[in-house]
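Subject: Structure handover and notes

Dear colleague,

Please find below the structure that I promised to pass on to you. My notes on it follow, and I would be glad if you read them with the model open.

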Amino acid sequence: MTLALSFSLTRKSMKWLKALILLAVSGGLFFALNTKFGQLPPLGKFLNPFSGFWQNNAQLDDFPETLSLDGLRDSVTVAWDKRAVPHIFAQNLHDLYFAQGYLTARHRLWQMEFQTHAAAGRLSEIVGAQAIEFDRFRRRIGMPLAAERAEKNMLSHPETALALNAYADGVNAWIDELDDARLPVEYKLLDYKPERWSTYKTALFISYFAYTLTFRNNDAQMTRARAALGDRLFQQLYPTLPPLAEPIVPTNTHTTPRTTPLPRATEATRSPLGTSQDDEPYIFGSNNWAVSGNFTASGKPILCNDPHLALNLPSIWYETQLVCPPESLNVYGVSAPGVPSVLIGFNENIAWGVTNGTSDAIDWVKTDFTDSTYRAYRYNGGIRQTTTRVETINVRGAASVIDSIIATHVGNVCYRDNETPFDESVPKNTAILWTAHRAGNELLTFLKLARAKNYDEYVNALSSYNSPAQNFVFACNNGDIAIWHNGLFPKRQKYQGAFILNGRDSLDGWREFISRPELPHVKNPSRGFVSSANQQAVDDSYPYYLGWDYAPFERSSRINARLAELASTKKITADDMMSLQTDALNPLAQLILPTLLKTLDTTSLSGDSRKAFDELARWNYRHQPDAIAPTIFERWWSNLQRALWEKTLPHSAPYPSRNVTAAAILTQDSASRSFFSTAQLSVSIQQSFASAVDTLVARYGSLRDTWAWKETRKTTVQHLARLAPFSREKLHTSGNYNCVNATGTTSGPSWRMVVELGDTVKAWGIYPGGQSGDAGSGFYDQMVGDWIDGKYHRLLFLTSPAQPVSYAPTSIIGQTRLNPATATPTWQRFFGVFPLQKLGRLWQYTSQPWWSFAIALPFIVGLLRKPNAASDANVFFQYATFFGALWLCSALFIVLFCDGGVIGAKVAALMNVGSPYLLVLLTSAVMALVAGVASLTGVALRRSMMTQKGITAS
């Protein structure tokens, strides 16, 4: 009796133990499928056919006929063209910017959020500890601080406050209706959700642009170089107006008088030279120009702009048209996702465009701390106290990092002596003076430009713009053309700010700023055009120092020469301008290569060296994809610069600009002979050519098609998070950093625009991407091919949403009516929503965490079923087969009939599984596993309970 009872208790205990083990396994699966491990997303949520990545295909490519949005005041009509550009027609400005925010977020929400997280120094919250130093750097240099000040300025003005708040409300309207199925795939990969949008986030985006375009300096390097070279040689190597340069404002035409004494320019201690840095070609740039109607075939001005920036997917730009008839507003162009209005574009009366001003926007001021506590510093013969800003960096999966940022009256001290700067160019123990911290109201500039009608209104619009400094080109229907080098610039002496400044003396600081009328500008010049390509704004007759490190001569000289040539015909057309924007001629090669080839001793050349020489000798100086000569020239030029300057310059001094190097090679005047002799030049040319050929042979084999420009310089349009399958890689592009078509490996023309003004405005544009940020969308990257080929799309400048477009009759492919949401009736608020809607929401809720649904249902059924003699293997197989097959069919249906294969192929490549069909099988396998285990758990618990009650299975 005792033995039988003991056996019975043991059997019961074993059944409960088995049930508890299975319950733990089910719980473990639940946890594992809902948890991100390292770089792997939570597989349960990610593989869900109903709400996982499978849904990130073309579902937003269809344009709904009507939408009800809470927050609209009146109806808004959106006409969609075949490139998914929204043409937004609203009856008031609030609704216009609300709709712009909503539609931009609909296509680009993840991009908007990710970039503002980066600007705020908050990437660690998304990707973990690997971004801590990145975040610390962004906060140390004061990007969040700059955004706080910008937001305050913008909200203090009623026009910008209205636009900011309405735009934010529109973004949040999209976030409010965003379910897991439509959540951008990057959120699913990185396993996080979007925050509410705010006016501060828009300000962060402006801060992000300021960083991208102005945060470049070599003050520490220049301080050391000057100490080693002395003033005379230093100024020859790094002149403020180098040879071959053609300023934006033509030479000797600027008449700005100096109105106040300039501050003293005393640099900090001339420290010893440090480590050397490789020379990098200037790539981030832009071109813009405007041609007077006196020289065009139409008799009206033509304006052109192509800003060169990092080539990203989703694209930097979002194309749109904004129309508000009661406010006399009709503007077309590109906006930055996250910012209302249009940044580059045109209306019925004017067109405008921008290039980076490239003037010196940062000064570093050496801080003389009294001791290692950094609590005080010496200034003007006395002692001042520092202040501290405490920043908390929240880190995903780890403890938060508390960072204390020391600041003087000048600005943040970014890194102290015992710290390693994230950016090597940032000198230690120096306070940052950055124009981005002197907030203007940049948004107001673009809101005013959108409605400007003439030159005076254009100039007025520029008055609130501080940073990043830009060259604003302008053209008007009345015939005026102009360009302004516009932004906030301190009044400085020559080279003040090129070196680290002495922070012990108030005379070295920024005391005054150049007044707006004194800024470099030109209107209606006699030559018939204005232009800029990031070069010096003015010659040395200008009384204030703006900087020295500008783009070399190539692009600006080619643009000016070509425009002058075309102007002589007085028949310039838009086609001519498109041809110039895509021009691949290398002016540096055209200028310097004949001399190099002439100097080269060819008697000993043979084999690949002889073939390389012959390729260069017959080259037309154009960087075309199939040409071999560009590859040879670029390698030769790079080697030649190194050969000329490494032994000539002291260690760590930067290479002089290509202007200085080219002029020294060509002229060999008395000044250049202080750098290197004619004999040294000849030897360097010979040796650098030989080493160039040797390098290319070692890398690509004997001279053949593998040396073609398209093979050696492949362009990549990178995904913002560097996800290769979501990028466009190894593109066969033309051009180079010193061509007008300044396409590089990862940067290039981000938006090409040509506008011909007239009674009917005609415009063309293209950018390397697409309107949608969804990698599975047909509108994700559909313009990249045309951009590579130098093609343009005619821009549809509509005056009404139903306007027939004679020049593109099939371009409008849809129309959406955005209506204000109606109030919920009292009865519905009392009884709740319609039962079918409730059912739909219940299904959505249960299908989102599909793995929990797959666990719960088999578990419940197993728990309720009558115990029988079926084996555990049979139970597992039954439920695993049923649910695995269910999800297999669901995933296959999405792949085959819902365009899921597009995103499926990219995710498969990202996860290195080869094919989306393997992901389908993985989805089904995971479902089968969790369903089988859940059913076993339920059955085991049921058997345990029945055994406890003395009931045996039948």
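Which strands form the open sheet, and in what order? There are 11 of them, arranged as β1-β28-β2-β3-β7-β8-β9-β10-β17-β18-β20, with mixed pairing; here two strands count as paired if DSSP finds at least two bridges between them, and helices (H or I, at least four residues) and strands (E, at least two) are DSSP runs numbered from the N terminus. Because β1 (66-69) and β20 (521-523) stand at the edges with a single partner strand each, one side of each is left without a neighbour in the sheet. From one strand to the next the twist averages 20 degrees, where axes are lines fitted to C-alpha atoms, for helices over the stretch in contact, and angles run from 0 to 180 degrees between N-to-C directions.

Before the details, a word on the basis. This is a predicted model, in which local features need pLDDT of at least 70 and side-chain atom pairs count only at pLDDT 80 or more, while totals for chains, interfaces and linings use all residues. Residues are numbered from 1 along each chain as its sequence is written, and side-chain values use heavy atoms, with hydrogens and water left out.

The chain averages a pLDDT (the predictor's confidence in each residue, from 0 to 100) of 88, and 86% of the residues score at least 70. Residues 1-7 have a pLDDT below 50, and this stretch has 0 contacts (heavy atoms within 4.5 Å) in the model beyond near neighbours in sequence. Residues 829-847 also have a pLDDT below 50, but that stretch has 13 contacts beyond near neighbours in sequence.

Within the sheet, β10 deserves a careful look. Since 7 of the 7 residues of β10 are buried (under 20% relative accessible area, with exposed over 50% and partly exposed in between, for a 1.4 Å probe and protein chains only), this strand is largely enclosed by the rest of the structure. I350, W352, V354 and N356 point one way from β10, whereas A351, G353 and T355 point the other way. On one side, β9 (residues 344-346) runs antiparallel to β10 and is joined to it by 2 bridges, with G345 having W352 as its bridge partner, and the two strands form a hairpin with 3 residues between them. β10 also pairs with β17 in the antiparallel sense over 7 bridges, and N356 has Q470 as its bridge partner there. Helix α12 (residues 442-451) lies across β8 (329-335), β10 (350-356) and β17 (470-476), running at about 150 degrees to β10.

Leaving aside neighbours within four places in sequence, F346 is in contact with residues including A351, W352, M753 and F797.

As for cysteines, C476 counts as buried at 2% relative accessibility, and C739 does so at 0%. The count of disulfides (pairs of cysteine sulfur atoms within 2.5 Å) comes to 0.

With best regards
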